[in-house]
Amino acid sequence: MQTTEEFFEALNRDVKATECVDNPFFAAFRDGEITVDDVKVFADQYYLYIRTFPQILAGLSHRVEDEKIRKELAKTIVSELGGGEGEIHFRMFEKACAPLGVKIAGVGEVDYLPETTALVDGIKKMFLEDKVEAALGGHYTIELSGLPMIASFYEGFRRFPESNVESLEYFYLHLLIEREHVEWIHAAVEQVTGAEAAHAEIRRGALTMAGLLGDFWRALHARTAKQPVIA
């Protein structure tokens with residue numbers, strides 16, 4: 001059986017090899033190929049993901065029996081909701097878009113891409129119905145892919161002349177805290193790594209989530225690049 005260290009090394013390698021960690025959509029942001037019109041398309045879809053995530057994660061926290069795991073999940077929930085004194089993160093993203101003249105549609109007020117719906121529904125099903133080990137694996141992938149995602153978006157947003165220090169706070173904050181989010185979910189996953197069966201479930205959840213995220217970013221790239229999705 002793999003040691004815990006070996007298990008995480010293999011899991012990190014497998015997740016980082018997928019399109020949830022790097023992909024043409026992230027590259028388009030980094031290379032300055034994203035227009036304000038593209039941001040409008042992106043923002044409405046991305047907003048559903050980040051707006052619903054803390055609520056769904058709270059549901060997973062309710063399901064777990066181990067208080068050590070619940071504590072680690074609670075850290076991320078509280079962080080996403082402003083850490084007690086700060087601003088709720090999805091509100092900060094609204095402010096990042098506002099100087100560009102992009103007003104994000106409310107949840108349910110826009111036609112979502114099938115891949116957007118599949119991502120959010122997939123997170124709900126995994127976190128609220130699947131085995132806890134798989135759900136923790138899915139959460140691990142979300143957090144592991146968070147820093148490269150935010151770094152790419154920041155490179156795109158900072159190029160717009162309308163962006164300013166205040167509007168970019170969403171990205172500054174996440175560039176600082178994403179590593180903490182990974183540490184917290186890493187600590188949670190460690191609590192359930194005692195058996196091969198648990199390893200298999202964690203990995204299944206992690207790679208299933210990687211697939212959902214990869215499909216989401218691929219669909220957004222196709223929409224903004226005006227090219228068909230290639231499966």
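Reader: Which residues touch the most other members of the largest nonpolar core?

Author: This is a predicted model, in which local features need pLDDT of at least 70, side-chain atom pairs count only at pLDDT 80 or more, and totals for chains, interfaces and linings use all residues. Residues are numbered from 1 along each chain as its sequence is written, and side-chain values use heavy atoms, without hydrogens and water. A nonpolar core is a set of buried (under 20% relative accessible area, 1.4 Å probe, protein chains only) Ala, Val, Leu, Ile, Met, Phe, Trp, Tyr and Cys residues joined through side-chain atoms within 4.5 Å. The largest one has 71 residues, and those touching the most other members are Tyr 46, Phe 93, Phe 127, Phe 157 and Trp 217.

Reader: Which helix gives the largest share of this core?

Author: Helices are DSSP runs of H or I with at least four residues, numbered from the N terminus. The largest share is 12 residues, and these come from residues 36-63, helix α3.

Reader: How is α4 oriented relative to α9?

Author: Axes are lines fitted to C-alpha atoms over the stretch in contact, with angles from 0 to 180 degrees between N-to-C directions. The axes of α4 and α9 (residues 169-190) are 8 Å apart, at an angle of about 160 degrees. Angles over 145 degrees count as roughly antiparallel, so α4 relative to α9 is roughly antiparallel.

Reader: Which backbone oxygen lies 2.9 Å from a polar side-chain atom of Arg 70?

Author: Arg 70 is in helix α4, residues 67-80. Beyond four places in sequence, its contacts (heavy atoms within 4.5 Å) are Ser 61, His 62, Val 64 and Glu 65. The backbone oxygen at 2.9 Å belongs to Ser 61.

Key
Helix = DSSP H or I, 4+ residues; strand = E, 2+ residues; numbered from the N terminus. Polar contact = N/O pair within 3.5 Å; in protein donor to acceptor, adjacent residues only side chain to side chain. Buried < 20%, exposed > 50% of the residue type's maximum accessible area, 1.4 Å probe, protein only. Parallel < 35°, antiparallel > 145°, perpendicular 65-115°, else oblique.
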